[in-house]
Amino acid sequence: MEKYDVIVLGGGPAGLSAGIYLSRARLKTLILNEGTAGGQMVLTHEIANYPGVEKISGYQLANIMRKQAKEFGCDIRNNISVKGIELTGEEKKISLSDGSVYTSYSVILTPGGRPRTLNVPGETELKGRGISYCATCDGDFFSGREIVVVGGGNSALEEAVSLTRYASKVSIVHQFDHFQAFNHAIEEARSNPKIDFRMESVITAFNGSEKLESVEIKDLKTGGKYRFAAEGVFIFIGYVPNTSFLVNTVKMNDYGEIIVNNDMATSINGVFAAGDSIAKKYRQISTAVGEGTIAALAATDFTYQVKNRMKHELIL
Ligand SMILES: Cc1cc2nc3c(=O)[nH]c(=O)nc-3n(C[C@H](O)[C@H](O)[C@H](O)COP(=O)(O)OP(=O)(O)OC[C@H]3O[C@@H](n4cnc5c(N)ncnc54)[C@H](O)[C@@H]3O)c2cc1C
């Protein structure tokens, strides 16, 4: 059993920012991260909207944040699997599948989210065989091919534009007659000659035996269905918060998003949350970083209060 002052669950931008602030405040801090260091940032080919940093790859930005946290003394364990979590009580306890157990005075939850799936026939079977949720990871496989992008938000439009570097043509399939994205993202996609649009349309099935060969598209205006040849489909239709492991712990809303107050405090004393997993509207690296900072500052105050009280009780 190893004792820390604060444990951060999740190593994306929210968790890494928290790690930087906590370690700098001289708190013994551990980041436990189920995935690759950097979270969703590493899925992003290019980040152009993080203030103070000119265009940078998600991988590079993640690496800088990770290095910064480590330089201040933060311990980071990636690719772990959380087995048990006890958040009530003064001493919080996290156990991992490999048998390690860690305790701390406070915990910051930053588990982020993951891409939402369409849940239509063929999707599970053809995932990784033509169906992808990450343009950076898989775009290069589709050089000179005609591909489909599903979605109508910022990620869908930005990634569709980035995919035109590889693909000969990108067809965006979107269920509504308008996009839910920033104007500049819409304009950039609309002005790209390699992109065409299939609005008010949805994919109802993926076809192919070994690899994806085509998709079934339903036109929502007419109700008509047609088969569309595609070797690659990239799905960008939002995310699901990674909070199922928190059921029966902190208070969450109907979407499984953690409810926090202005100090990023959850319903449990000494437990804070930040980033894409909390109930909020806008999900960006900069917002995750800001919330990670607030959570760290609040957790710092809380942790020092607990430590000082314990010291005082020992003296008495
Ligand atoms: C394709 C794509 C492009 C994007 N482009 C941009 C962009 O250009 N600019 C921008 O600002 N934002 C962009 N975003 C959004 C941005 O990446 C997210 O808002 C941000 O990464 C959220 O940070 P986070 O730390 O809350 O969570 P995440 O980045 O999701 O990180 C959470 C981490 O926690 C881990 N984890 C999950 N469950 C557990 C658990 N139980 N215990 C421990 N660890 C756990 C995950 O594996 C992950 O490593 C993009 C997102 C995507 C998907």
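## Phe 302 and helix H7

Phe 302 is located in helix H7, in what is a predicted model. With a relative accessibility of 17%, Phe 302 counts as buried, because the limit for that class is under 20%. Leaving aside neighbours within four places in sequence, the contacts of Phe 302 are Tyr 105, Ser 106, Asn 269, Gly 270 and Phe 272. Val 271 lies 31 residues from Phe 302 along the chain, and the C-alpha atoms of the two are 9.6 Å apart.

## Nonpolar cores

The largest nonpolar core holds 55 residues, and the members that touch the most others are Leu 22, Leu 32, Ile 94, Ile 108 and Leu 109. Helix H7, spanning residues 285-315, gives this core its largest share, with nine residues. There is also a second, separate core of 21 residues, with Ile 147, Ala 167, Phe 179 and Ala 189 among them.

What does Leu 109 contact beyond its neighbours within four places in sequence? The partners are Leu 9, Leu 246, Val 250, Ile 258, Val 271, Phe 272, Ala 273, Ala 274 and Ser 277.

An open sheet is built from four strands with mixed pairing, and their order is E1-E7-E6-E5. Its edges are strand E1 (2-3) and strand E5 (82-86), each of which pairs on one side only.

Within this sheet, strand E6 (residues 92-96) and strand E7 (residues 101-104) are antiparallel and share four bridges. Ser 95 has Val 101 of E7 opposite. Ile 94, named above for its contacts in the largest core, falls in the residue range of E6.

## Ligand surroundings

The ligand has 29 residues around it, and those that come nearest are Asn 33, Gln 40, Asn 49, Asp 276 and Ile 285. Helix H1 (13-24) and helix H7 each contribute at least two residues to the shell around the ligand.

In the side chain of Gln 40, an N or O atom is 2.8 Å from a ligand oxygen. A backbone N or O atom of Gly 35 is 3.1 Å from an oxygen atom of the ligand, and a polar backbone atom of Gly 113 is 3.4 Å from a ligand oxygen. On its own, the ligand has 1000 Å² of accessible area, of which the protein covers 92%.

Is helix H5 (residues 154-163) mostly covered or mostly uncovered? Helix H5 is mostly covered, with eight of its ten residues buried. The buried residues are Asn 154, Ala 156, Leu 157, Glu 159, Ala 160, Val 161, Ser 162 and Leu 163.

## Ser 132

Ser 132 belongs to strand E10, residues 131-132. Its relative accessibility is 3%, so Ser 132 counts as buried. Apart from neighbours within four places in sequence, Ser 132 is in contact with Asp 138, Val 233, Phe 234 and Ile 235.

Definitions and conventions
Residues are numbered from 1 along each chain as its sequence is written. This is a predicted model: local features need pLDDT of at least 70, side-chain atom pairs count only at pLDDT 80 or more; totals for chains, interfaces and linings use all residues. Side-chain values use heavy atoms; hydrogens and water are left out. Two strands pair if DSSP finds at least two bridges between them. A nonpolar core is a set of buried Ala, Val, Leu, Ile, Met, Phe, Trp, Tyr and Cys residues joined through side-chain atoms within 4.5 Å. Buried means under 20% relative accessible area, exposed over 50%, partly exposed in between (1.4 Å probe, protein chains only). Contact means heavy atoms within 4.5 Å. A residue is near a molecule or strand if one of its heavy atoms lies within 4 Å of it. A polar contact is a pair of N or O atoms within 3.5 Å; within protein, one must be able to donate a hydrogen and the other to accept it, and residues adjacent in sequence count only if both atoms are side-chain atoms. Accessible areas come from the Shrake-Rupley method with a 1.4 Å probe; for residues, only the protein chains shown count as cover.
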